[in-house]
Amino acid sequence: MSQLIRTVTLPDGSQVPALGLGTWHMGESRGSAEAEIRALQAGIDCGMTLIDTAEMYASGGAEEITGKAIRGRRDEIFLVSKVLPSNASRQGTIAACEASLKRLGTERIDLYLLHWRGRHPLRDTVEAFEQLRKSGKIGAWGVSNFDSLAMRQVSALPGGENCAANQVLYNLSTRGIEFELMPWLAERSIPVMAYSPLDEGRLLRHPGLGKMAGRLGISPAQLALAFLLARDNVIAIPKSSSPERVKENRASADIALTSEQLAELDQLFPPPRSRQPLEMI
């Protein structure tokens with residue numbers, strides 16, 4: 001029997017699974033919609049109840065897929081979505097949230113993120129987030145693709161202390177955030193949400209990772225995810241349109257890597273030794 005997925009605690013005390021479900025590239029084809037819905041439902045069934053989506057993904061199509069997948073099960077789900085920077089003015093953020101709520105078929109987004117920094121002043125976006133939070137349309141808010149400087153700027157704004165997460169590119173081959181950004185976030189109990197945890201599939205073809213995974217009797221994807229899940233304060237959100245692959249990903253949460261195995265991964269994918277520019281896709 002599978003163990004329960006370890007949880008990560010948000011600044012407000014909410015606990016969410018450290019392994020969730022991504023939806024990037026979902027909703028792009030009507031022909032694949034049913035398979036995508038089944039994949040999300042398979043993940044929910046095995047405890048991956050955090051679902052990450054965005055208004056940008058398939059121009060709202062991924063939110064519609066997500067809404068169909070969670071219909072009748074909304075109370076089981078921790079729902080994350082994002083506002084595009086171009087929409088992130090004070091009124092634009094509120095309007096974008098209303099549109100996302102309609103596509104998702106819900107009255108509340110649990111965590112609402114600014115997808116990346118754009119031309120609108122952060123102060124206006126944060127004010128809108130705070131208004132949405134106080135009205136109950138979102139439970140919490142955060143950011144995505146923010147480096148240490150941007151995080152400091154957010155935290156200095158009125159209401160900025162309520163930033164609940166930072167979603168960034170993080171995987172074995174992209175570890176730059178470990179040097180400065182992750183420690184800064186950890187000091188403030190702000191979780192990292194790791195998008196593209198398998199480096200868009202490229203990690204699955206890495207010879208060294210494949211050899212190590214084979215020796216351990218697991219898949220390269222499971223090993224790459226287990227690395228992230230071994231780290232405190234990190235939420236991984238792999239995306240798959242296959243129920244079988246979702247179940248394979250879920251099994252990574254039951255893998256406890258030893259210190260020797262983690263050291264071996266450090267040899268294959270060296271951690272940063274200095275501050276690096278934030279990478280993003």
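Ser59 is exposed, because its relative accessibility is 71%, where exposed stands for over 50% relative accessible area, buried for under 20% and partly exposed for values in between (1.4 Å probe, protein chains only). The structure is a predicted model, in which local features need pLDDT of at least 70 and side-chain atom pairs count only at pLDDT 80 or more, while totals for chains, interfaces and linings use all residues. Residues are numbered from 1 along each chain as its sequence is written, and side-chain values use heavy atoms, with hydrogens and water left out.

Ser59 belongs to the loop between β4 and α2; helices (H or I, at least four residues) and strands (E, at least two) are DSSP runs numbered from the N terminus. The phi of Ser59 is positive, near 50 degrees, in a residue other than glycine. Most residues other than glycine have a negative phi. Glu200, in the loop between β9 and α7, likewise has a positive phi, near 55 degrees. Glu200 is partly exposed, at a relative accessible area of 43%.

The loop between β4 (50-52) and α2 (61-69) also holds Met56. With 31% relative accessibility, Met56 is classed as partly exposed. Together with Trp116 and Met280, Met56 forms a nonpolar surface patch of about 250 Å² accessible area. Patches consist of residues with over 30% relative accessible area and no salt bridge, like charges being joined within 9 Å and nonpolar side chains (Val, Leu, Ile, Met, Phe, Trp, Tyr) within 5 Å. Accessible areas were computed by the Shrake-Rupley method with a 1.4 Å probe, and for residues only the protein chains shown count as cover.

In soluble globular proteins, nonpolar side chains tend to be buried together.

When residues up to four places away in sequence are not counted, the contacts (heavy atoms within 4.5 Å) of Met193 include Leu50, Val80, Leu111, Ala165, Val168, Ile235 and Ile237. Asp52, Asn166 and Gln167 are also among the residues that Met193 touches. Ser196, in the loop between β9 (192-195) and α7 (207-216), is buried at 11% relative accessibility. Apart from neighbours within four places in sequence, Ser196 is in contact with Trp24, Leu169, Tyr170, Asn171 and Ile281.

Leu40, in helix α1 (residues 33-45), is buried with a relative accessible area of 1%. Its contacts, with neighbours within four places in sequence left aside, are Leu21, Gly22, Thr23, Met26, Ile51, Ile65, Thr66 and Ala69. The C-alpha atoms of Leu40 and Leu268 are separated by 32 Å, the two residues being 228 residues apart along the chain.

In α7, the buried residues are Gly208, Leu209, Met212 and Ala213. Viewed down the axis of α7, these fall within an arc of 130 degrees, so they line one face of the helix; the arc is that of the directions from the helix axis to the C-beta atoms. Helices α8 and α10 (259-268) are included in what covers the buried residues of α7. On the other side of α7, the exposed residues are Pro207, Lys211, Gly214 and Arg215. After α7 comes Gly217, with a positive phi near 75 degrees.

The whole structure contains 20 salt bridges, each defined by a side-chain nitrogen of Lys or Arg within 4 Å of a carboxyl oxygen of Asp or Glu. One of them joins Arg103 and Glu63 at 2.7 Å, N to O. This pair links distant parts of the chain, with Arg103 in helix α3 (residues 90-104) and Glu63 in helix α2, 40 residues apart. Arg103 is partly exposed, at 24% relative accessible area, whereas Glu63 is buried, at 0%. Arg250 and Asp254 form a salt bridge at 3.3 Å, N to O; Arg250 is buried, at 6% relative accessible area, and Asp254 is partly exposed, at 25%. The side chains of Glu187 and Arg188 also meet in a salt bridge, at 3.3 Å, N to O. Glu187 is exposed, with 65% relative accessible area, and Arg188 is partly exposed, with 39% relative accessibility. A network of salt bridges links Arg175, Glu178, Arg231 and Asp266.
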